[in-house]
Amino acid sequence: HVNAVYAELLGYTPEELIGKPVAVLMPPEEAGQIGKGPFWDGLRAGKAQHVSVARRRKNGETIWLEATYVPVKDDAGKVGHIVNFATDVTEKTRNAKRMEAMLRAIHRSAAVIEFDLHGIVTEVNENFLKASGYTRAELIGQHHALFMPAGKADLPDYAQFWARLHAGEVIDGEFQRVAKGGKDLWLRATYNPLFGLDGKLNGVVK
């Protein structure tokens, strides 16, 4: 069985899908894995599965579905068939993949470091490690003040700098910092406050 909404989403009529193998809706690489792996093992064991999946429309276009597969047991307690409830999340998925591609491009070309609201390093990329001379293990858990020239972290300007970030302000400019071993490091950088899904500030990325 297939309802009209699901069929239309894939570009078919219900009559065109009933009796067809589910493989017609799957990308070729996934169609070859039908019945295999933890996903199908879970369904056979009667456990519902919630996944984001790519599906192929009648015209060959790929769409993305947020789908829940629910095994339905017969009177003997065995899985008799499976019901699939799905929501179209194609635009959401495309936006997420586009954002991932943008982030990968940024990490390839820029030095990136992240801090929590206390100024503690939580993440750092390879470009920043090369620029600063530190290893990842040496930086994670350290305070931003590690990069400040001697005495600068004790000045009112430094406290004001973090107060502006805590207020959600983006700070852009050229900054004098100190690399490992005390070597001067001048950076053209942007400090961007990071907001969570709840709209609250939860960190800073540079």
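Met102 is partly exposed, with a relative accessible area of 45%. Here buried means under 20% relative accessible area, exposed over 50%, and partly exposed in between (1.4 Å probe, protein chains only). Met102 is found in helix α5, residues 90-109. Helices (H or I, at least four residues) and strands (E, at least two) are DSSP runs, numbered from the N terminus.

Met99, Met102, Leu103 and Ile106 form a nonpolar patch on the surface. Together they have about 360 Å² of accessible area, computed by the Shrake-Rupley method with a 1.4 Å probe. Patch residues have over 30% relative accessible area and no salt bridge; like charges are joined within 9 Å, and nonpolar side chains (Val, Leu, Ile, Met, Phe, Trp, Tyr) within 5 Å. A salt bridge is a side-chain nitrogen of Lys or Arg within 4 Å of a carboxyl oxygen of Asp or Glu.

## About the model

This is a predicted model: local features need pLDDT of at least 70, side-chain atom pairs count only at pLDDT 80 or more, and totals for chains, interfaces and linings use all residues. Residues are numbered from 1 along each chain as its sequence is written, and side-chain values use heavy atoms, leaving out hydrogens and water.

## The five-stranded sheet

An open sheet of 5 strands runs in the order β5-β4-β8-β7-β6, with antiparallel pairing. Two strands pair if DSSP finds at least two bridges between them. The edge strands, β5 (121-124) and β6 (171-178), each pair on one side only. From one strand to the next, the twist averages 30 degrees.

Strand β6 joins β7 (residues 184-195) through 8 bridges. β7 joins β8 by 4 bridges, and Phe195 stands opposite Leu201 in β8. These two strands form a hairpin with 5 residues between them. Gly199 in its turn has a positive phi of about 80 degrees.

β8 also joins β4, by 2 bridges. There Glu114 has Val205 as its partner. 4 of the 5 residues of β8 are buried, so this strand is largely enclosed by the rest of the structure.

## A helix across the sheet

Helix α8 (residues 156-166) lies across β4 (113-115), β6, β7 and β8 (201-205). Its angle to β6 is about 140 degrees. Axes are lines fitted to C-alpha atoms, for helices over the stretch in contact (heavy atoms within 4.5 Å). Angles run from 0 to 180 degrees between N-to-C directions.
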